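Student: I have a model open and some questions about it. Can we go through them one by one?

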Amino acid sequence: TDAGIASTCSTTGAFRLSDDVLAADPDLLFVEFAVNDDQDAAHAARECRRGMEGILRQALKHNPTMDIVVTHFVNPPMLERLRSGQTPVSSGQHEAVATHYGIATVDLAREVASRIDAGQLTWQIYGGTHPGPAGNRLAADMIGDLLDTAWSEPLGSSAQPQPHRLPKPLDENSYDSGRWVDIRDAQFDSNWRVHVPDWSQLAGQCRSRFQDTHVLSATTPAAELSLEFAGTAVGAYLLAGPDAGAVEVSIDGGEYRRIDLFHRFSSGLHYPRTVMFATDLNKQQHQLSLRISDKHHQQSRGHAVRIMQFVVN
């Protein structure tokens, strides 16, 4: 099952895991978010940790005998940090989470840095952030070495899969109960509609994956919606293109807070991203109130909001 979605981070991964991965009931799961947590999402340590822990806890709660391999790929800034003796935030946090849960990891990023320093590899031969054949061969060989090591001790004919331990969470508010919430569960005024946009009439590229996706959209400032939910966090998985606007959000009637949806990659692409509206809430019922702001990012051309799913933890 190929469940990868280009550009997305571990936060998105935690919220879509149930639908896109666990529904296939895998017994072996490969996870990689080091590069996108770094370069796309620019996550701080907390967000890297919450996303990865959310993924691992959900997977092990779904199937305690599931085996998991976390691989750390690499981009130029991460490579530079490694070669200067530092650990990238994303891979460092993912490694810490994996260690806490006893999950196997493949530190491809560190291996690439080590081989370059030793004169055994160049970044060009490796193939770059999206590796070429040589880079993918190296990643595959490292995973093969891991599996060979794991299977180095012969098992008896009666051997059974053993459940992994599920320790206390590193972060009580990690996204280990992350899930989609359907856009039709929201209450919204007449400025909003659920539809498949005519992407040919909109500036910017829309990837084929999303071209037939229904979105809850509006382009008018002051358009309002609300969503009742239970949990510690709420946000939206959305497409943010050249006309992406900003939203103002309030939880339980509190003060409104403005959040820009425009991403630095939005100028030419309806960029898929998960935007969190509120985190660290009490574990109880809440109401999200959202309205489109009359302001937007200085590079944006409009006020559009196009939500594919709400996310709730």
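Student: How much space lies in the largest pocket?

Tutor: This is a predicted model, in which local features need pLDDT of at least 70, side-chain atom pairs count only at pLDDT 80 or more, and totals for chains, interfaces and linings use all residues. Residues are numbered from 1 along each chain as its sequence is written, and side-chain values use heavy atoms, with hydrogens and water left out. On a 1 Å grid over the protein atoms alone, a pocket is an open set of points where a 1.4 Å probe fits, with protein on both sides within 12 Å along at least five of seven lines. Grid points are joined across faces, edges and corners, the volume is the space filled by probe spheres set on the points, and for the largest pocket that space is about 950 Å³.

Student: Which residues lie nearest the centre of the largest pocket?

Tutor: A lining residue has an atom within 4 Å of a grid point. Helices (H or I, at least four residues) and strands (E, at least two) are DSSP runs, numbered from the N terminus; α1, β1 and α2 each supply at least two residues of this lining. The lining has 34 residues, and nearest the centre lie Ala3, Gly4, Ile5, Glu32 and Phe33.

Student: How many charged residues are in the lining of the largest pocket?

Tutor: Asp, Glu, Lys and Arg count as charged; Ala, Val, Leu, Ile, Met, Phe, Trp, Tyr, Cys and Pro as nonpolar; the others, Gly among them, as polar. The lining of the largest pocket has 18 nonpolar and 10 polar residues, and its charged residues number 6.

Student: Which elements give two or more residues to the lining of the second largest pocket?

Tutor: The second largest pocket holds about 620 Å³ of space. Its lining has 20 residues, with Thr65, Asp67, Ala150, Trp151 and His164 closest to the centre. The elements that give two or more residues are β2 (67-71) and α8.

Student: How many salt bridges does a search of the whole structure find?

Tutor: Side chains of opposite charge can pair when their charged atoms come close. A salt bridge needs a side-chain nitrogen of Lys or Arg within 4 Å of a carboxyl oxygen of Asp or Glu. The search of the whole structure finds 17.

Student: Is Arg50 buried or exposed?

Tutor: Arg50 forms a salt bridge with Asp171, with the closest N and O atoms 2.7 Å apart. Arg50 lies in helix α3 (residues 45-62) and Asp171 in the loop between α8 (133-150) and β4 (179-181), so the pair ties together parts 121 residues apart in sequence. Buried means under 20% relative accessible area, exposed over 50%, partly exposed in between (1.4 Å probe, protein chains only). At 3% relative accessibility, Arg50 is buried.

Student: What separates Asp141 and Arg137 along helix α8?

Tutor: Their side chains meet in a salt bridge (3.0 Å, N to O). Asp141 is partly exposed at 36%, and Arg137 is partly exposed at 49%. Being 4 residues apart in helix α8, they are separated by about one helical turn.

Student: Where is Asp25?

Tutor: Asp25 is not a glycine, although it has a positive phi of about 50°. At 51% relative accessible area, Asp25 is exposed. Its place is the loop between α1 and β1 (28-31).
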